[in-house]
Amino acid sequence: MSASAIFVLDLKGKVLICRNYKGDVDMAEIDHFMPLLMQHEEEGLLSPVMSHGNVHFMWIKHSNLYLVATTNKNSNASLVYSFLYKIVEVFTEYFKELEEESIQDNFVVVYELLDELMDFGFPQTTESKILQEYITQESAKLEVAKSKVPTTVTNAVSWRSEGIKYKKNEVFIDVIESINVLVNANGSVMSSDIVGSIKLKTMLSGMPELRLGLNDRVLFALTGRDKGKTVVMEDVKFHQCVRLSRFESDRTISFIPPDGESELMSYRINTHVKPLIWIESVIEKFSHSRVEIMVKAKGQFKKQSVANNVEVRVPVPSDADSPKFKTSTGSAKYVPEKNLVVWTIKSFPGGKEFLMRAHFGLPSVEKDEAEGKPPITVKFEIPYFTVSGIQVRYMKIIEKSGYQALPWVRYITQSGDYQLRTNV
């Protein structure tokens, strides 16, 4: 990879903190970064890699900061960028928000972290759970902790410490799917897909090996058991703990898990999704006087399932006033700062249909029609249900001490980018 130095800059290009790892690039070279960036912006040629002489700047922007790596070698750019994004992830887990203020307030810890994350230009310990074992935010503890570095740093398994013990061994598996849907004004589904993730909360002693089985179509085809409902997952991304070679050879998801909470994998299913909550709307504007809104919501999912905390957000003209509402269930309120009516339904059973009517006054002056037509958006969460039909078929837990462990599985479907366009 070979990054020579890492810099954190504010938006004006002032260096807040930096770490020189190799000493083969003059640290004053960073003074050329901001002028180069502004020049590229003016020319419309903004690039993630910029060069000044034989020095290359690889940079990302996060919040009100620039993170910049310098090198004078033909470095692996994708690895450098992965590392910069990893810095953002680790700092965010330490300080909740990564911005100029959090760098200034935690200067000592940031420097410690930069020291541990990379060694002589090569990534070293990048797992924040492990870093938190010996780089703490209490400076008094810092000195004590330094004397004893966790064995994890020198282990093959860099994301899990040895000697973890629990009285009750359990694994909680959450399969969470978000539905993205775009429906046009005529009621046709223009685009839809499912973005899923499998999250773990692991409370297991020792160094367990876990094997997770899903109803994955490729696996069923490999084993000749193409029966029942299977799913085709695309864009699959795994946590570093998963043995990729094993997955590629026989689709087994085999891993030694991090302790506590982690995201094991994410995936996308590119499929035609029937909108789970269907919205029909009639919006009538009477010039100089009023606007009438009628919204009908129907649950297009199984009757035994229930959508929780449903929010239907209906756009209204920015000059509307004097709201009046009538709902068959739930409550509606006007949010004038966002030009929205928000209709909230705490519990929405499948197959049910509900109605909301709204009446607004409009001022006598005719408003210019250049506001555009924002869509109706819907938020919801349906527990014990996945729209793709993905299933955890088994979870095997193998540990040399031979203890019994309980895996718990929970399924949740929620709205992602869920939009329905209107005629008005």
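Colleague: How many bridges join E17 to strand E20 (residues 353-361)?
Modeller: Five, and E17 and E20 run antiparallel. Strands (E, at least two residues) and helices (H or I, at least four) are DSSP runs, numbered from the N terminus. This is a predicted model: local features need pLDDT of at least 70, side-chain atom pairs count only at pLDDT 80 or more, and totals for chains, interfaces and linings use all residues. Residues are numbered from 1 along each chain as its sequence is written, and side-chain values use heavy atoms, with hydrogens and water left out.

Colleague: Which residue in E20 is the bridge partner of Asp321?
Modeller: That's Gly361.

Colleague: What order do the strands of the open sheet come in?
Modeller: E14-E15-E20-E17, four strands with antiparallel pairing. Two strands pair if DSSP finds at least two bridges between them. E14 (277-286) and E17 (321-327) are the edge strands, each pairing on one side only.

Colleague: New topic: at what angle do the axes of H2 and H4 cross?
Modeller: Roughly 140°, and the axes of H2 (residues 77-95) and H4 (residues 107-117) come within 11 Å. Axes are lines fitted to C-alpha atoms, for helices over the stretch in contact, and angles run from 0 to 180 degrees between N-to-C directions. H2 and H4 are therefore oblique to each other (under 35 degrees is roughly parallel, over 145 roughly antiparallel, 65 to 115 roughly perpendicular, the rest oblique).

Colleague: Which residues in H4 does H2 meet?
Modeller: Val109, Val110, Leu113, Leu114 and Leu117. On the H2 side, the residues include Phe83, Ile87 and Val90. Contact means heavy atoms within 4.5 Å.
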